[in-house]
Amino acid sequence: MLKLEYNELIIKARALGEEEKWEEAIYYYEQALLTSENVLLYDFLDYALAYLEIGEKEKSLNLIYDVIDENPENYLGYHYLGLYYFTLDNKQDSIRYFEKARELGDYEIECLFNLGLLYDDLKDYDKAEFYYNNVLEIDDNHFYANLNLGAIYQEKGMLDEALEKGLKAYMINPNKHYSCYNIGVVYALKNEFDLALKCYNEEVTKDDFCVDSYYNMGIIYKEYKNFTLKENYNERH
């Protein structure tokens with residue numbers, strides 16, 4: 001059998017991870033670690049998170065802390081610690097470590113977007129707005145940052161801003177579920193019912209569409225005004 005080089009082993013491990021074959025992925029990560037003395041931190045930390053995927057939380061956490069202990073001023077260990085707690089749905093600890101990573105210079109979109117998402121989940125909309133805008137400063141075409149920011153503006157009653165972000169998300173990916181639904185909610189709140197119905201009708205043609213579209217259409221057809229809408233959907237992704 002031909003001996004694989006470090007990069008080939010890492011590629012193989014990541015491919016297996018994408019298929020959620022985590023035990024096989026771990027095997028290839030470990031072979032890569034044995035092959036080279038110059039292991040990249042990203043690779044070692046991905047290896048650590050693979051253990052979390054098979055339920056070995058303590059081993060995963062210890063491996064991440066090994067990186068932090070050896071590289072205390074490098075944000076990567078804290079970034080992955082944030083991912084560790086994010087995976088476990090521990091929002092407060094996830095925020096704490098993503099914030100620590102950011103203090104150390106982590107301006108990767110994943111870090112900024114996850115902070116936005118976490119604060120969003122906690123209904124701390126000002127902080128969520130701040131981080132979503134950070135994402136958009138880097139990538140103005142980030143679908144979910146636009147979608148979620150639009151939902152926050154709608155929550156705050158900033159309907160023009162909500163419509164702008166919703167339309168931007170739609171322009172980026174018109175086939176994505178909920179892109180039409182969110183715009184429909186805003187149009188309805190602006191009493192532009194014909195446009196709202198058009199958006200809801202388009203939403204229900206999508207895979208995994210928002211079923212509340214039917215509810216809102218029913219209310220519009222029944223009352224046409226002074227109706228109560230299901231709240232705008234904020235994508236948790």
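Helices α1 (6-18), α2 (22-35), α3 (41-53) and α5 (75-87) each put at least two residues into the lining of the largest pocket. The model is predicted. Among the contributors, α3 gives the most, with five residues.

Look at the pocket itself. The space inside comes to about 270 Å³. The lining holds 15 residues. Nearest the centre lie Trp22, Asp46, Leu49, Ala50 and Glu53. Start from these five when you locate the pocket on screen. By class, the lining has nine nonpolar residues, four charged and two polar.

Now step back to the whole chain. The secondary structure consists of 13 helices and zero strands. Followed along the sequence, the pattern is α-α-α-α-α-α-α-α-α-α-α-α-α. The C-alpha atoms fill a box of roughly 70 × 40 × 30 Å along the principal axes.

Next, consider how the chain packs. Take the contacts with a separation of 6 or more: 53% of them join residues 24 or more positions apart. Of the 237 residues in the chain, 49% are buried; here, buried means under 20% relative accessible area.

The chain has an accessible surface of about 12700 Å². Carbon and sulfur atoms account for 47% of that surface.

Terms used: Residues are numbered from 1 along each chain as its sequence is written. This is a predicted model: local features need pLDDT of at least 70, side-chain atom pairs count only at pLDDT 80 or more; totals for chains, interfaces and linings use all residues. Side-chain values use heavy atoms; hydrogens and water are left out. On a 1 Å grid over the protein atoms alone, a cavity is a set of points where a 1.4 Å probe fits but cannot get out, and a pocket is an open set with protein on both sides within 12 Å along at least five of seven lines; lining residues have an atom within 4 Å of a point. Grid points are joined across faces, edges and corners, and a volume is the space filled by probe spheres set on the points. Helices (H or I, at least four residues) and strands (E, at least two) are DSSP runs, numbered from the N terminus. Ala, Val, Leu, Ile, Met, Phe, Trp, Tyr, Cys and Pro count as nonpolar, Asp, Glu, Lys and Arg as charged, and the others, Gly among them, as polar. Buried means under 20% relative accessible area, exposed over 50%, partly exposed in between (1.4 Å probe, protein chains only). Contact means heavy atoms within 4.5 Å. Accessible areas come from the Shrake-Rupley method with a 1.4 Å probe; for residues, only the protein chains shown count as cover.
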